[in-house]
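Hi everyone, and thanks for coming. Please have a look at it on the screen first.

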Amino acid sequence: MENQENTIKLDFTLSTPEERIELVNKILEVTPQEKLTNKYLEILADYIIFAINKKDNDKKIITENRSVTINKRETSLEGLAAIFNTNSENNSNSLKEDSLYNLIIDSDKNIILTPKIKITDEDIETVPGLKDLVNTIQELEEALKTAVGKQRYSIKKNIIELRKDQYVLRSAYKKPITCINATKSAPKLITYENVTINKESGDLSVESNMSLLIPEHVSALLCNYSKIKEECAGKFESDMYYLMIALEETIDKALYDYPLYYDIVVYKIDGLQNKDIQRELELTFGFRYSVEYISSLWRNKIPKLIAEQAQKDWLEWYYTNKKKGYWKKCSRCGQIKLGHNKFFSKNKTSKDGWYSICKDCRNKKPGSVKD
């Protein structure tokens, strides 16, 4: 059995707990003690538990938990939009609104409010065992093309089970966070944050259960801003109390040059719907933005800008208090900024490897105002 650093070779074609326990024992025998970290052992334990859970659930075609999982994984904003458009095609606006209303009230709230889980190329490379699992699925899919009869049924069944395993394995290694769960016990949430810097690119790698450095976490905080503020009001011992203060400060800095984005945040926090926001923005900026554009800004662009600002603040703190950093003066605005790709673009022809003009000045045309 090949034993490489940071790699766990798991055979996901093994379906019984006994077979998986036998494999795990073999892995433990050949793995050095120093590599048996808590995360490593947790993945091995989950590998066995998945088989046990499968065995228990085989008695029911679709269990309650599996039904919820299927709904969460298969439903996305695009999917809901497709259903809505199909049901309301060639109808009047009032009928379309009724169709959308029925879609919402007739659906489980988890379907509407839980984001679709996606397995990325980064997940495949970083989650131990996931790459082997994906390769196994691909091999079975190739075999399925020529299989017939019972063999085809068996392969198809294995593919279905393995596809479920890849989501469970990914979630076990990278705990997902959604907007709904962010407020369940906000004052009691103890936040943790482990940040490392890539030596070559300078990019940040963040492990955290709630951090302003992660756009998805920022989005969750924004979506539940009012509830979290209410829950944490006056609770000075709560981590979330201070995280919300930091969020407000970061919003002011990140959106200073983006009055349109800032107004959207304020209107959203005040509870306005996108149609109402559309009308307010038209009065302020003299242009009618589509509700889809406003939604995209709220869900994607704005959280990314805030997280980007938080990353800049973290880097400035780190290279001021923890490690000596390289600082340089922008030749246009005159500000002294960190020599890092968050602040300056790389230039191989210059002595220090950076352009003399900072990114903010390079991206901002003279006389223009960012929306």
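Let's start with the second largest pocket: its lining takes at least two residues from each of α12, α15 (291-322) and α16 (359-363). Those helix labels come from DSSP runs, numbered from the N terminus, with a helix being H or I over at least four residues and a strand being E over at least two. Before I go further, please keep in mind that this is a predicted model, where local features need pLDDT of at least 70, side-chain atom pairs count only at pLDDT 80 or more, and totals for chains, interfaces and linings use all residues. Residues are numbered from 1 along each chain as its sequence is written, and side-chain values use heavy atoms, with hydrogens and water left out.

Back to the pocket. Its volume is about 790 Å³. Lining it are 25 residues, and Asp257, Gln309, Lys312, Lys337 and Asp360 are the closest to its centre. A pocket here is found on a 1 Å grid over the protein atoms alone, as an open set of points where a 1.4 Å probe fits, with protein on both sides within 12 Å along at least five of seven lines; lining residues have an atom within 4 Å of a point. The points are joined across faces, edges and corners, and the volume is the space filled by probe spheres set on them.

What classes of residue make up the lining of the second largest pocket? There are 13 charged, 8 nonpolar and 4 polar residues. In this scheme Asp, Glu, Lys and Arg are charged, Ala, Val, Leu, Ile, Met, Phe, Trp, Tyr, Cys and Pro are nonpolar, and the others, Gly among them, are polar.

Which helix gives the most to that lining? That is α15, with 6 residues. While we are on α15, look along its length: there is a kink of about 45° centred on leucine 297. The bend at a residue is the angle between axes fitted to the seven residues ending there and the seven starting there. The end C-alpha atoms of α15 are 44 Å apart, which agrees with the 46 Å that its 32 residues should span at 1.5 Å a residue. That expected span is 1.5 Å times one less than the number of residues.

Now α15 turns up again, this time as a cover. In helix α10 (residues 215-223), the buried residues are His217, Val218, Ser219, Ala220, Leu221 and Leu222. Buried means under 20% relative accessible area, exposed means over 50%, and partly exposed is in between, with a 1.4 Å probe and protein chains only. The cover over those α10 residues includes β2 (204-208), α11, α12, α13 (259-269) and α15.

Is serine 238 buried or exposed? Serine 238 is buried, because its relative accessible area is 1%. Leaving out residues up to four places away in sequence, serine 238 touches Ala186, Pro187 and Cys232, where contact means heavy atoms within 4.5 Å. Aspartate 239, in helix α12, is partly exposed at 30%. Neighbours within four places aside, aspartate 239 contacts Leu189, Ile190 and Thr191.

Moving on, tyrosine 192 is in the loop between α9 and β1 (193-197). Its relative accessible area is 48%, so tyrosine 192 counts as partly exposed. Beyond four places in sequence, tyrosine 192 touches Glu207, Ser208 and Asn209.

Finally, the whole protein. It has 16 helices and 4 strands, and 36% of its 371 residues count as buried. Among contacts between residues at least 6 apart in sequence, 57% join residues at least 24 apart.
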